[in-house]
Every structure is written in C-alpha cells, then in structure tokens.
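Student: I'd like a close look at one part of this model. Could you walk me through its charged contacts and what sits around them?

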Amino acid sequence: MHDILVIGAGIAGLTVALKAAENGKSVLLLTKGAKPDGSTNYAQGGIASVTSPEDSFESHIADTLEAGDGLCKKRQVEILTRNAPKAIEQLIKWGVNFTPAKNNANFFDLHMEGGHSFRRILHTADLTGKEIMRALLARLKQCKIDFLEHSTVLNLIVKKSHCIGALTTSAPVYAKTVVLATGGAGRLWLHSTNPPDACGEGIAMAYRAGAALQDLEFMQFHPTSLYAPQLKKTFLISEAMRGFGGILKNHSGEEFMNGVHPLRSLAPRDIVARAILSEMQRTGKDYMYLDITHRKAKDIKTHFPNIYAKCLECKIDIAKDWIPVVPAAHYMCGGVLVDSYSRTTLKGLYAVGEIAATGVHGANRLASNSLLESVVFALRACEKMSEPRFTGFKDSQDYKLSTLNSQLSTFSKQKKEIRTIMWEHCGIVRSMSGLKIGLEKLRKFDGILDLEFRNFLESAKLVVECALKRKESRGLQCLTDYPEKNPKGLKHYTIKKM
C-alpha cells in the first residue's frame with residue numbers, strides 16, 4: 001500500500017513523485033520501459049516563462065489565448081503563466097541547468113518561438129527535455145521512492161466510484177491516490193514525433209474507469225519534422241529554429257508563408273502545418289524547406305548543436321543547406337478532464353502532463369507551454385493529495401490476471417493499419433465523410449481482446465468520435481465541410497462512458 005501511485009515517469013510524473021516524496025508521502029512510480037522515458041526527452045525548444053523585464057504575464061496570457069483560437073480556459077491560463085517563475089525555481093532547485101545569457105550569467109538566454117510576443121523560452125541548447133530528465137532522475141535517486149520498471153498498466157481499479165489502484169501485467173497495485181502521467185497519443189498517427197509508447201493508453205483506461213475526457217479532437221501536428229526517410233525515428237526540427245530566423249520556402253525558393261499570416265514563418269503551428277500541407281499538395285512535393293543559412297554558421301552550431309549533428313548525419317549541413325521538413329503528429333491538447341488541481345472527475349484519480357485536459361491549450365497549444373503545464377499542474381496536484389481518500393480496498397485476489405488476456409502482443413501489422421487510417425481520415429485536414437469512414441474501419445478491429453491493443457484501438461476511436469462532434473474549423477480541427485468557426489459560440493466537447 002502506497003499513498004500515491006504515479007503511472008508514467010516523464011516530467012509530469014517525476015514532478016509529482018519528487019514533490020510528494022518531499023511532502024512525506026510514500027510513492028510508487030511505474031514505467032512501461034526499462035527506465036523513465038517519454039516525450040520529455042524529445043523536447044528540444046524549451047519551457048516558456050516570463051523572466052525578462054520587457055515581458056509580462058499579461059502578454060504571455062494574451063499569446064496563449066490567441067494561439068488557443070478562443071477555446072482556452074482563461075482562469076487556467078492565468079494559473080499557468082503566473083506560476084511559471086515558481087515552476088522554473090523548482091526545476092533549478094532540483095538541478096536543471098538552463099543556458100545562461102551570453103553576457104550575464106544571472107539571466108537566462110531566451111529564445112523566441114512562433115506565437116510569442118517576446119523572447120521567453122528558457123532552454124538548454126536544443127536538448128532542454130533531456131537536461132530536465134537528467135536532473136529529475138538524479139534527484140529521484142536521492143529520494144525514497146519505490147520504482148517499478150517494465151510494468152504495463154492494463155486497467156484502472158475502481159471501487160464504489162473511486163479509483164484505488166491499477167492492474168498491471170505483473171500484479172494489481174493499490175494506492176490512496178492514483179496519478180495518470182502516461183503522456184500523449186501522437187503514435188496513433190502514421191507520422192509522429194512522439195516516442196513509441198505515446199499511444200493514448202491512459203486515455204482509454206480513464207474512459208473505461210468512468211473519468212470524463214475533453215477536446216480529444218485537437219491533435220497538434222508539428223509543422224517541421226525532418227524529412228529523412230532513411231531515419232528509423234522521426235526527428236523534430238525545433239520551433240526555436242523559426243524563432244532564430246528560419247524561413248519556410250517551397251522548392252522554388254518562394255517564402256509561401258508571406259501571404260498566409262502576418263507573422264509569416266513564425267505563425268502558430270496549426271496555421272503553419274496546414275500551409276505546408278497545402279503547398280505540398282499544390283506543388284506535388286513530399287516536403288517543403290526551412291532555410292536558416294542566412295545566420296552565421298557558428299551561431300547555428302551554438303544554439304542548435306543536436307539538430308546540426310542529426311542533420312549532418314543525413315548529409316544536410318544546415319549552415320549551408322535548406323532543411324527538408326514535413327508535418328507530423330506531435331501533441332494532444334485535450335485528454336482526461338481535470339480541474340485546476342489536476343483532479344479528474346473520478347475520485348482518487350489525478351491526471352498530469354500531456355494526458356490531462358487542463359484547458360490551457362484550447363484548440364491549439366502555444367509553443368513551449370507544454371513542459372510548463374506539466375510542472376505547474378503537477379505541483380498543484382501535490383497540494384491536494386493530503387485530503388482523506390477511500391480506504392476500503394479489496395484483496396488483490398479479486399483481480400486475478402488469469403481472468404484477462406494479459407499476454408502483451410505487439411499486433412504491429414494491425415497498429416500500422418490503424419495509424420494509416422488515422423493519418424488518412426483524421427489528419428491535418430478532415431472531412432465528415434472521411435471521419436465516418438475512418439471510424440467504421442477502426443471498428444473492424446473490435447474483436448481483438450488483448451487489453452494493450454484494446455487501449456490503442458479505443459484511444460483512436462475516441463479521438464475520431466470527438467472530431468465528429470465538432471462541426472466547425474477551429475485551431476487544430478480543420479474540417480472541409482465546416483470551414484468557418486461555429487457562429488453560435490464556443491464549446492468544449494466532453495465524452496464520458498455511461
């Protein structure tokens with residue numbers, strides 16, 4: 001028996017675990033792999049926070065609301081932005097080293113990214129996520145936190161409308177409070193910047209347990225992943241590259257963003273992703289270009305050493321050559337519905353990080369608000385975990401694994417088929433008929449009983465069902481049948497198992 005069970009060990013899960021342990025709670029941390037991993041390691045750009053005297057909370061709030069296309073929950077955005085400096089302080093206390101300003105070590109080097117009015121992106125070169133994970137894992141070794149690797153969670157355990165634990169492939173695990181930190185769902189699509197495990201499993205489990213979900217239709221497609229078919233894993237070209245002066249061009253060298261948005265290549269991600277897709281379709285090309293060659297080679301290598309090295313592996317010298325880029329599924333703005341303290345609608349269950357629908361992103365996430373959201377709302381979750389919780393636990397024999405097909409099968413062929421369906425029918429640009437066809441194709445897999453595969457399939461179906469509900473084009477939902485925003489007003493679509 002533990003006070004807190006944390007499922008997932010990216011930045012959000014580790015923040016909860018570390019803070020709860022500091023508060024004297026007993027914590028069990030579960031990870032699916034051999035070590036804590038996830039999308040945090042892939043985060044290049046950085047974490048947004050007001051630190052410059054020229055900047056302001058009001059500006060950060062306004063930029064977030066603008067990117068969210070009218071659907072952000074303003075109170076949550078205020079909490080996010082005003083708690084950002086406190087979150088940064090906590091990360092630094094835990095050992096995170098952000099890149100200092102070149103001429104003043106007492107200040108941070110700040111990047112500019114699309115949608116931001118000021119330089120406010122703290123970073124560690126172009127490997128910010130990796131540095132954060134390094135520091136948090138080092139801190140983890142100093143704390144009394146139980147850590148269980150190679151543990152796939154199949155289902156949440158619910159008793160009397162209260163989440164009391166989780167069923168894993170090895171045994172049932174119980175806790176007074178359960179925290180979902182399982183990450184996003186980008187791997188439901190054929191092209192994605194996400195790690196292999198980002199398949200929305202937590203979404204499916206929370207839904208079956210009775211928790212409400214919200215805004216699942218808003219999957220953010222990052223406009224600039226590296227087009228390099230020879231790579232086994234998709235590689236992200238950071239948003240900060242455009243903030244550094246990168247210009248989007250077609251194969252003829254035309255800056256096609258000039259007539260699309262006033263911010264041109266620095267426009268919000270949803271607009272840029274659709275513009276790239278449109279230009280690809282217009283010209284019949286498989287990719288577009290990002291040009292950074294007008295900047296000094298020394299500065300490029302200093303600010304983006306990891307990106308420079310990876311591109312060089314692909315025979316692309318970004319100081320001399322244009323970078324071939326293509327959009328890819330990147331970040332889910334919706335998820336399990338939570339309040340301002342990360343509590344879901346199911347008692348005893350919290351959700352933090354990308355899986356949580358806090359409402360701060362609205363219909364489209366502002367760049368570098370994701371790492372910030374994870375820390376801010378994970379810290380806030382720990383403020384409420386001292387509340388009395390359900391104690392009527394059942395004996396573990398009530399949940400015998402022998403009653404379930406818990407032998408994990410990869411079903412790699414079927415998963416690839418589902419990813420293709422999602423890419424073709426629920427991608428960057430959608431149609432009602434395409435979504436309906438996609439849903440029917442997904443339902444053909446319903447007979448497979450393996451729970452791990454069931455989580456994968458159920459998450460995909462839930463996304464499509466939510467997309468069908470939103471009969472408008474807003475933010476990341478671009479629907480050809482309804483090209484305009486709904487004139488009747490804004491609405492969040494919530495889905496819950498009855």
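Student: Which residues are linked with Lys32 in a network of salt bridges?

Tutor: Bear in mind that this is a predicted model. The network of salt bridges links Lys32 with Asp197, Glu201, Lys415 and Glu452. Start at Lys32, which sits in the loop between strands E2 and E3 and counts as partly exposed at 25% relative accessibility. One of its partners is Glu201, with the closest N and O atoms 2.8 Å apart. That pair spans 169 residues, with Glu201 in helix H6, and Glu201 is buried at 13% relative accessibility. Lys32 also meets Asp197, here at 4.0 Å from N to O. Asp197 lies in the loop between strand E11 and helix H6, 165 residues away from Lys32, and is partly exposed with a relative accessible area of 41%.

The crossing is left-handed. Residues making this contact include Leu435, Leu439 and Leu442 of H13, plus Leu457, Val464 and Leu468 of H14. By class, the contact residues come to nine nonpolar, four charged and no polar.

Notes
Residues are numbered from 1 along each chain as its sequence is written. This is a predicted model: local features need pLDDT of at least 70, side-chain atom pairs count only at pLDDT 80 or more; totals for chains, interfaces and linings use all residues. Side-chain values use heavy atoms; hydrogens and water are left out. A crossing is left-handed if the near helix is turned anticlockwise from the far one by less than a right angle, and right-handed if clockwise. Helices (H or I, at least four residues) and strands (E, at least two) are DSSP runs, numbered from the N terminus. Contact means heavy atoms within 4.5 Å. Ala, Val, Leu, Ile, Met, Phe, Trp, Tyr, Cys and Pro count as nonpolar, Asp, Glu, Lys and Arg as charged, and the others, Gly among them, as polar. A salt bridge is a side-chain nitrogen of Lys or Arg within 4 Å of a carboxyl oxygen of Asp or Glu. Buried means under 20% relative accessible area, exposed over 50%, partly exposed in between (1.4 Å probe, protein chains only).
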